[in-house]
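Thanks for making the time this morning. I would like to walk you through one structure, beginning with a term that we will need and then going on to an interface and a single chain.

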Amino acid sequence: MTDPGIAAREGHLVLDGLVKTYPGRHGAAVRGVSLSVERGSMLAVLGPSGCGKSTTLRMVAGLVAPSAGRVLVDGRDVTDTPAHRRDMGVVFQSYALFPHLDVAGNVSFGLEMRKVPRAERARRVTQALELVRLDHLAGRRVARLSGGQQQRVALARALVVRPTVLLLDEPLSNLDAQLRTTMREEIRRIQRETGITTVFVTHDQHEALSMADSVAVMHEGRLEQLGSPQEVYERPAGHFVAEFVGRANLLPGTVARVAGNEAEVEVPGLGTVTATGHAPAPGDRGSVMVRPHRISLDAEAPAGSGAARGTVLSAGYTGETVAYRVRVGADGPELDAEHPSGAHRPHAPGTEVEISWDGAARLVPAPTPAPETAKPGDGAT
Amino acid sequence: MTAGGTGTGTGTGSDRAAPAAAPAVAPRSGPAAPGRWTPARTATALLLPGLVALLLTYAMPLVWVARMAFNEPLPGGAIRQTLTLGTFTDVLGDAHYWRVIWRTVELGTLVTVFTLLLSYPLALFLARTTSRWRGLLVALAVTPLLISSVARTFGWMAILGSQGVVNKTLMSVGLIDTPLQLANNMTGVVIASTEIYMPFAILVMISGFGRLDPELERAAASLGAGRLAVLRRVVLPLTLPGVLTAGLLVFVLSLSGYVTPRLIGGGRVFVLATEIYDEAITALNWPVAAVLSMLLLVLFGLVVVVYTRLQRLVERRVLGEGGTAS
Amino acid sequence: MRAGPAGRLAWGTLITVLYLFLLAPIIIVFVVSFDDATFLRFPPEGLTLDAYRQVFDNADFRSALQVSAVTASITAGLALLAGVPAALALSRLRFRGREAMESAFLSPLLVPNIVLGLALLVLFAPIPLTDTYTGLILAHLGITIPYVVRTVCASLAGADPRAEEAARTLGANTFTVARRIILPTILPGVVSGGVIAFLLSFDETVISLFVSGQSVTPLPVAVLQYVEYRSDPAIAALSVCLVVLSVLAVVLVERSLGLRRSLRSG
């Protein structure tokens, strides 16, 4: 836990073995998180509620003292620097706008703390409000703003002080679905324009995948995987990531043969499946992952042309797609499949179909039997 | 129906409104359906016992004492029933009573300032603590409210007296040679009253500190505010309305406080409350006591007016243009 | 917000000192009540229960205690009888002038006791109701009804009136709704309102000073008159008894509300 051997020491923001334990509570909230964020990039910390992602963010902000580990900015250890001298902009989940100040007052608060002269303060407040497109509401009381507007004020307030790092805690969770999409693009635009190193915490995989340059998936206080959105989605490091980031069919089996980046896996009820991904040696346990939308079902195709033969158990129409549940063979595993609707007539339940996935199978390592010995930041590079 | 109306119509002017609603439904239900329970009739029946009680024990006495202020006191406790402003002019022309009024305001102001200063940290602590003993800590701070003020005042006599805890301790340590005069004067009354009213202030402050979200303090810290700046720029403005309300309550309570000034003051601290009692019971001069009571009520009114002004000012600053909108 | 160790120590010390100040008179009274001296001193040099014996041997205190207990019980009962129906009407019925009524019921809280005491004396003396149980109880009624109204209204404010409507749709008539829905809802408010009314009446000093006399003297008045001329451990012992009584009452209220909460979850 002391030195997990992070290669990317040169990262702008580095978290080194961060641990947070709370007295009286069993187990740690954060169990050794190490990662590095490149200058000017945007990292999403993704995980279900209670996985320790917000606590991690708060440790970075200096609002929560880590029980162990370090936080480095530009290689400088800031672990013992109090929050108000850490120079990090934070956007809180509840926005935490000061109700006794108007929009401009909220935005200029950090500048006043930094003793910025009045004239420059006014100029920078206006600039920040222009950046979030709220310059027309400078005199408005924050209680009179809509959720989206409050969001923008919180963003402007955090950015106006030109912090070294911007931290956002579930920034979109209090907005309705439509506004969320708009704000997603808006935050991304502002981040690109300012070029500020950004970390945001979310439980929404769409948010993480669509906004971030890299995604850190957390589970039960641990970092499960760190990678680009494509890596995390296409090459999950474990069962949890495979199922949390998008939907997945996971078929447990045993590795039979290894050839370069491909392995042949023996899956009970399905036979031998070829999957990409690293398997250390034959005999290892592992699962074959196939995303539902990569599975095609064909009622006309001749038997044996695909990966397996199966029967449609149910078909659900959702508007954009048709979601199927199929059983392989007579008593094989059940799979989820998803087809765009309208392409052809949906298969009725009971239809015999040929199942194929055209090389989309991916080998996912089986969960390590003793998780306590797992090195934190396995997926980190 | 009409009987119910006249029954409650004798109360304060405002309660006429309740039976007034009855005629609106009368044409439909009519006298033919006397057993029908309309909301207005049910309300009248439910409110009646309480209204009668309040009329007897609160409204009537106040009218009587107000009337008494316009009577003329005669020597030996006799009263001449008349309608004169003479007692008012006598009292207001007497320097002694002006000194009493001034003393009352002075005591109220001092007690309010000290009570707020001492209660604020405790209320802040209780509002923010996440300790699992929070319930107990709140109870410990507020329970004195329900404990006899005579018993608590007696405790202060034991602490502040010339043979009391403070003097004994200071003398045994050798800091002083002769006892400090802490009782039988204003100092003692202010100290004891401050403690007596603290639970009230703490209670009001805690319930008024609802806007104090710890996340706001964290937000301020993340923007570069140190502890003092957070206190001055965020905590203080947000808690000001609660502090003001507590201040009003303490000021009003200490303006009319009787037990502590009498016992700790030892007959040497004259305020409106002690004066009212002495005039009524010792001097048997009811008209003067009534006039002093009216002056106390006027003082109350003035305080409330000032408070309302201040509160509106503060609310506007804290909440925005007088609105809790959205 | 994180504070440094020095800051936390200073803050902790401040809070402790303030608590000590707040509880000082109660602590001191408790200590003094066990002193074996016949006058007030601190710290005590010998410990004894003599002071408590003196209190119970004192006929004046015994009769004053009886007066206070009887007065407070009857006052609490009457305050509930008058206050609970009023609270029900104010929080569950829609009628014109409801808000005016509400402020009328809470307005006695705005009048200082010293003024109300004099007012009651002026009204009661000629009848004569002063120095009688009736006068004392009536005097206490005015200041206790508002508290009953307030606590019962508070317990109703926390309850959803739709529960009553739901009960009606499930076939409950007015009486059943009152018994099965409204009564359990207001019970904690009624209990704490009753206890607060009892305590207020039991501890009421200023108003009682005006309307009581030689034959009907409640305990606080007896204590006040005693303290003015002498201060000895006996009065401390009596004060401790008053404190214990108050704390017991508070615990009772807590329990009744706590019990109620546990019943709801069951």
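Let me start with the term: a salt bridge here is a side-chain nitrogen of Lys or Arg within 4 Å of a carboxyl oxygen of Asp or Glu. Please keep in mind throughout that this is a predicted model.

With that cut-off in hand, which side chains meet in a salt bridge at 2.3 Å, N to O? They are those of B:Arg262 and C:Glu228, and because the limit is 4 Å, the pair at 2.3 Å qualifies. Across the interface of chain B and chain C, the rule finds one salt bridge.

Turning to the interface as a whole, 82 residues of chain B are in contact with 73 residues of chain C, and the area buried between these two chains is about 6800 Å², with carbon and sulfur atoms giving 83% of that figure.

Now to chain A, where I count eight helices and 20 strands, and where the C-alpha atoms fill a box of roughly 80 × 50 × 40 Å when taken along the principal axes. Of its 381 residues, 52% count as buried, and among the contacts in chain A with a separation of 6 or more, 66% come from residues 24 or more positions apart.

As for the surface of chain A, the accessible area comes to about 16800 Å², and carbon and sulfur atoms account for 49% of it. Finally, on charge, chain A carries 42 positive and 43 negative side chains, with the centres of the two sets lying 10 Å apart.

Technical notes. Residues are numbered from 1 along each chain as its sequence is written. Chains are lettered from A and ligands numbered from 1 in the order in which they are written. This is a predicted model: local features need pLDDT of at least 70, side-chain atom pairs count only at pLDDT 80 or more; totals for chains, interfaces and linings use all residues. Side-chain values use heavy atoms; hydrogens and water are left out. Helices (H or I, at least four residues) and strands (E, at least two) are DSSP runs, numbered from the N terminus. Buried means under 20% relative accessible area, exposed over 50%, partly exposed in between (1.4 Å probe, protein chains only). Contact means heavy atoms within 4.5 Å. Accessible areas come from the Shrake-Rupley method with a 1.4 Å probe; for residues, only the protein chains shown count as cover. Lys and Arg count as positive and Asp and Glu as negative; His and the chain ends are not counted. The place of a charge is taken as NZ of Lys, CZ of Arg, CG of Asp or CD of Glu. Buried area is the accessible area (1.4 Å probe) that two parts lose on being put together, summed over both.
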